[in-house]
Amino acid sequence: MIASASRELTLVLGGARSGKSRFAESLITRHPPPWLYVATAEAGDAEMTARIAAHKARRGTDWRTIEAPRDLAGVLAEQGNKPVLVDCLTLWLSNLMLASSDIDAAVARLEQALEQTYGPVVLVANEVGSGVVPENALARRFRDLQGQLNQRLAARADRVVLVVAGLPLFVKGAA
């Protein structure tokens, strides 16, 4: 376990069900608790409610959860040096798109908030551009925006990890 929190930004990427959330949790739990889990998912149906419950049960009682489906920057700006896990940027982006938000402004606010954090932050996002080209304009726009978001955050991250089949591949930075 790491003795004290230090400024470090890690971006964990992977496909759906790749193990990226579990791996991201393991990075945060290297630091002393309490740990903050910033959830961007909204429980819109029974299946998503069950997924959220399973994630919470796996994390245990040392985690504090804050729901931030759209105002991620606002939540991060208030966290000081606490270890923070944001899961996930993909749902955050889709929430912004569905709300017809200004994506560029929201990403700029997120980047500014990350610059002002003092503790370790782990961001989780899907790598959505590895498959086929989507057949409709909305899906292509989402894929493009997610790819741009991942690139922007990877450029400022200290460490970037791609998780495949539960195995971490360190793309940038050390283990």
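## Helix H6: cap, length and faces

Let's start at the N-terminal end of helix H6, which Asn136 caps: one of its side-chain oxygens sits 3.2 Å from the backbone nitrogen of Leu138. Please keep in mind that this is a predicted model. H6 covers residues 137-156, and its 20 residues should span 28 Å at 1.5 Å a residue; the end C-alpha atoms are 29 Å apart, which agrees.

Which residues of H6 are buried? They are Leu145, Gln146, Leu149, Asn150, Leu153 and Ala154. Viewed down the helix axis, the buried residues of H6 fall within an arc of 165°, so they line one face of the helix. On the face of H6 turned away from the buried side are the exposed residues Ala137, Gln151 and Ala155.

## Helices H4 and H5

Two packed helices are described by the angle between their axes and the distance between the axes. For H4 and H5, the axes come within 10 Å and cross at roughly 140°, and the crossing is right-handed. On the H4 side, Leu89, Trp92, Leu93, Leu96 and Met97 take part, meeting Ile103, Ala106, Val107 and Leu110 of H5.

Leu91 also belongs to H4, which runs over residues 89-98. Leu91 counts as partly exposed because its relative accessibility is 28%. Leaving aside residues up to four places away in sequence, Leu91 touches Thr40, Ala41 and Met48. Its C-alpha atom is separated by 20 Å from that of Ile28, 63 residues apart along the chain.

## Backbone features in the loops

Most residues other than glycine have a negative phi, and most peptide bonds are trans. Some places in this model are worth a look with that in mind. A cis peptide bond joins Pro33 and Pro34, with omega about 5°; Pro34 is in the loop between helix H1 (20-28) and strand E2 (35-39). The bond from Asp87 to Cys88 is also cis, with omega near 5°, and Cys88 lies in the loop between strand E4 (84-87) and H4.

Arg17, in the loop between E1 and H1, has a positive phi of about 60° although it is not a glycine. With a relative accessible area of 70%, Arg17 is exposed. Ala165, in the loop between E6 and E7, has a positive phi near 55°. At 71% relative accessibility, Ala165 counts as exposed.

Notes:
Residues are numbered from 1 along each chain as its sequence is written. This is a predicted model: local features need pLDDT of at least 70, side-chain atom pairs count only at pLDDT 80 or more; totals for chains, interfaces and linings use all residues. Side-chain values use heavy atoms; hydrogens and water are left out. Helices (H or I, at least four residues) and strands (E, at least two) are DSSP runs, numbered from the N terminus. Buried means under 20% relative accessible area, exposed over 50%, partly exposed in between (1.4 Å probe, protein chains only). Contact means heavy atoms within 4.5 Å. The expected span of a helix is 1.5 Å times one less than its number of residues. The arc is that of the directions from the helix axis to the C-beta atoms. A polar contact is a pair of N or O atoms within 3.5 Å; within protein, one must be able to donate a hydrogen and the other to accept it, and residues adjacent in sequence count only if both atoms are side-chain atoms. Axes are lines fitted to C-alpha atoms, for helices over the stretch in contact, and angles run from 0 to 180 degrees between N-to-C directions. A crossing is left-handed if the near helix is turned anticlockwise from the far one by less than a right angle, and right-handed if clockwise.
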